[in-house]
Structure formats: C-alpha cells, structure tokens
Amino acid sequence: MTVNPRTELLFPPHLIPGLKDLREQEWRELVEYVARLPETHPDTLAFSLMMIRLNACMGCVSGSYRFMRGCELCSQQTIARYQGTDEELIALFHQAKEDLEHYEEGKTDLVADTPEPEPDPEELE
C-alpha cells in the first residue's frame with residue numbers, strides 16, 4: 001500500500017491558508033487572521049482543534065479513503081461541504097478556543113470528538 005506523503009496524523013496548521021476561499025467573507029476573514037499567526041498561538045491551536053473535530057481525524061485510519069486522499073483534500077472537502085453557515089463554523093472555532101482555555105486552566109480534559117467505529121457488516125447480519 002502506498003501512503004500519501006501529504007497525509008498527517010492530525011490536521012496541521014500549515015493547511016489553514018488553503019481553506020480561505022471555500023466559504024463566504026466571514027470565514028475568509030477568520031482564515032486570513034489565523035493563517036498569519038504562529039503555529040503555537042492559542043487561536044491557531046483552536047482552529048486546528050476545530051478542524052480535527054470536523055474532519056473526524058481521530059477516526060481516520062490508514063487504508064481509509066480519507067487517509068489515502070490526504071489531509072489537505074479531506075479538510076477542503078469538509079469545509080466546502082459543511083451544511084451549516086459561516087457563523088456556525090465560526091462558533092465552532094470559538095467553542096474550540098474556549099475548550100482549550102478550560103483545559104489550560106485545569107477545568108476539563110481536552111477530548112477531540114471521536115466517532116463511533118463503524119460496525120462490521122458481518123455483525124449486522
């Protein structure tokens with residue numbers, strides 16, 4: 001099996017600029033703002049956490065279609081096909097930012113949403 005060299009384990013911040021033109025103006029402004037920040041800035045980390053949750057990175061496994069396509073295409077597709085509004089996407093960013101702040105304060109554990117594993121087709125019979 002060949003692994004796409006552009007596949008990361010989790011959404012990497014260097015892919016943020018490529019998401020700019022996939023939505024409307026409010027989204028574009030958020031992406032432009034975050035893309036200018038260093039990778040260790042809290043807003044960059046919050047954006048990455050939001051993308052990890054949206055992309056379901058924690059459930060991505062080698063051999064899956066998403067894994068073989070790579071993080072860049074997966075992320076672009078996720079944002080382009082997101083059914084909610086830009087305001088809802090931005091709210092998800094603010095929620096991730098708040099989650100990171102609570103984690104830093106020791107108020108909560110930080111968990112990325114992990115999808116339930118798909119059932120084995122043989123088990124369904």
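Mentor: Before we start, "buried" means under 20% relative accessible area, "exposed" over 50%, and "partly exposed" in between (1.4 Å probe, protein chains only). This is a predicted model, so local features need pLDDT of at least 70 and side-chain atom pairs count only at pLDDT 80 or more, while totals for chains, interfaces and linings use all residues. Residues are numbered from 1 along each chain as its sequence is written, and side-chain values use heavy atoms, without hydrogens and water.

Trainee: OK, what does the secondary structure of the protein come to?

Mentor: Helices (H or I, at least four residues) and strands (E, at least two) are DSSP runs, numbered from the N terminus. Going along from the N terminus, the elements read α-α-α-α-α-α. So the tally by that DSSP rule is six helices and zero strands.

Trainee: And how much of the protein counts as buried?

Mentor: The protein exposes about 8,200 Å² (Shrake-Rupley, 1.4 Å probe), and carbon and sulfur atoms supply 52% of that. Of its 125 residues, the buried share is 34%.

Trainee: How far apart are the end C-alpha atoms of α5?

Mentor: Helix α5 covers residues 86–104, which makes 19 residues. The expected span is 1.5 Å times one less than the number of residues, so it should come to 27 Å. The model agrees, because the end C-alpha atoms are apart by 27 Å.

Trainee: Which helices do the buried residues of α5 pack against?

Mentor: The buried ones are Asp-86, Leu-89, Ile-90, Phe-93, Ala-96, Asp-99 and Leu-100. Residues three or four places apart on an α-helix point the same way, because there are 3.6 residues a turn. In contact terms (heavy atoms within 4.5 Å), the partners are α1 (25–35), α2 (42–55) and α4 (71–81).

Trainee: Which cysteine is Phe-11 in contact with?

Mentor: Leave aside the neighbours within four places in sequence. Phe-11 then touches Ile-16, Leu-19, Phe-47, Ser-48, Met-51, Ile-52, Asn-55 and Ser-75, and the cysteine is Cys-57.

Trainee: Which helices hold Arg-53 and Asp-99?

Mentor: Their side chains meet in a salt bridge at 2.7 Å, N to O. Asp-99 is buried, with a relative accessible area of 16%. The pair ties together parts 46 residues apart in sequence, because Arg-53 and Asp-99 lie, in that order, in α2 and α5.

Trainee: Last one: what is the relative accessible area of Glu-32?

Mentor: Glu-32 forms a salt bridge with Lys-20 at 3.8 Å, N to O. Lys-20 is in the segment before α1 and Glu-32 in helix α1, 12 residues apart. Lys-20 is partly exposed at 28%, and Glu-32 is partly exposed at 30%.

How values were computed:
Salt bridge = Lys/Arg side-chain N within 4 Å of Asp/Glu carboxyl O.
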